[in-house]
Amino acid sequence: HEVVQGQAVVREVFTIPRVGKIAGVQVREGKALRNASARVKRDGQVIHEGRVSSLKRFTEDVREVNTGLECGVGIDGLTDVQPEDTIEFYTRELVQ
């Protein structure tokens, strides 16, 4: 069972050497979690799914970022991300 933990909107995209693309996002609802999976959506279509590889607030690594705050998100294998894309953070839970 998938549980949506939060949603964020991409504000800007940064390319960092030896790391790849990092999405500068603002969390709209819920939380952005480092140990979650992420789904990138554009115009309602899922364009990429992967694990969150990094979550930074300014220069420090953080575990979660709450609603209304901005952060940088790295997602494994993400190459095509644009401003105004939506990132949905979710976790999988076992339901008995």
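Colleague: How many bridges join β1 to β2, and which way do the two strands run?

Modeller: Ten bridges join β1 to β2, and the two strands run antiparallel; bear in mind throughout that this is a predicted model.

Colleague: Let me step back a bit. How many helices and strands does the protein chain have?

Modeller: The protein chain has zero helices and eight strands, and the pattern read along the sequence is therefore β-β-β-β-β-β-β-β. The radius of gyration is 12 Å, close to the 12 Å that the globule rule gives for 96 residues, so the chain is as compact as a globular protein of that length.

Colleague: What does the C-alpha trace span along its principal axes?

Modeller: The C-alpha trace spans about 45 × 30 × 25 Å along those axes. Buried residues account for 39% of the 96 residues in the chain, and, among contacts between residues at least 6 apart in sequence, 64% join residues at least 24 apart.

Colleague: Back to Val-25, then. Is Val-25 buried or exposed?

Modeller: Val-25, which lies in strand β2, counts as buried because its relative accessibility is 1%, and the cut-off for buried is under 20%.

Colleague: Which residues is Val-25 in contact with, leaving aside neighbours within four places in sequence?

Modeller: With those neighbours left aside, Val-25 is in contact with Ala-8, Val-9, Val-10, Arg-11, Leu-69, Glu-70, Cys-71, Val-73 and Ile-87. As for Asp-61, which is 36 residues from Val-25 along the chain, the C-alpha atoms of the two are separated by 15 Å.

Colleague: How many residues are in the largest nonpolar core, and which have the most contacts inside it?

Modeller: The largest nonpolar core has 21 residues, and those with the most contacts inside it are Val-25, Val-73, Ile-87 and Phe-89. The elements that give two or more residues to this core are β1 (2-16), β2 (20-33), β3 (37-42), β4 (45-57), β7 (70-75) and β8 (86-92). The largest share, five residues, comes from β2.

Colleague: Now β8. Why is β8 described as largely enclosed by the rest of the structure?

Modeller: Five of the seven residues of β8 are buried, so the strand is largely enclosed by the rest of the structure.

Colleague: Where does β8 pair with β1, and in which sense?

Modeller: β1 and β8 pair in the antiparallel sense over seven bridges; within that pairing, Val-3 stands opposite Thr-91 in β8, and the bridge partner of Val-9 is Thr-86 in β8.

Colleague: And how many bridges join β3 to β8?

Modeller: Five bridges join β3 to β8, and these strands also run antiparallel.

Colleague: Changing topic to the rings: how many aromatic pairs does the count come to?

Modeller: The count comes to zero aromatic pairs by the rule applied, which asks for ring centres within 6.5 Å.

Colleague: What lies over the face of Tyr-90?

Modeller: Arg-39 lies over the face of the Tyr-90 ring, at 4.1 Å from the ring centre.

Technical notes
Residues are numbered from 1 along each chain as its sequence is written. This is a predicted model: local features need pLDDT of at least 70, side-chain atom pairs count only at pLDDT 80 or more; totals for chains, interfaces and linings use all residues. Side-chain values use heavy atoms; hydrogens and water are left out. Rings of Phe, Tyr and Trp (its six-membered ring) pair if their centres lie within 6.5 Å; planes under 30 degrees apart count as stacked, over 60 as edge-to-face and the rest as tilted. A charge sits over a ring if NZ of Lys or CZ of Arg is within 6 Å of the ring centre and within 35 degrees of the ring normal. A nonpolar core is a set of buried Ala, Val, Leu, Ile, Met, Phe, Trp, Tyr and Cys residues joined through side-chain atoms within 4.5 Å. Buried means under 20% relative accessible area, exposed over 50%, partly exposed in between (1.4 Å probe, protein chains only). Helices (H or I, at least four residues) and strands (E, at least two) are DSSP runs, numbered from the N terminus. Two strands pair if DSSP finds at least two bridges between them. The radius of gyration is taken over C-alpha atoms; the globule rule is 2.2 Å times the number of residues to the power 0.38. Contact means heavy atoms within 4.5 Å.
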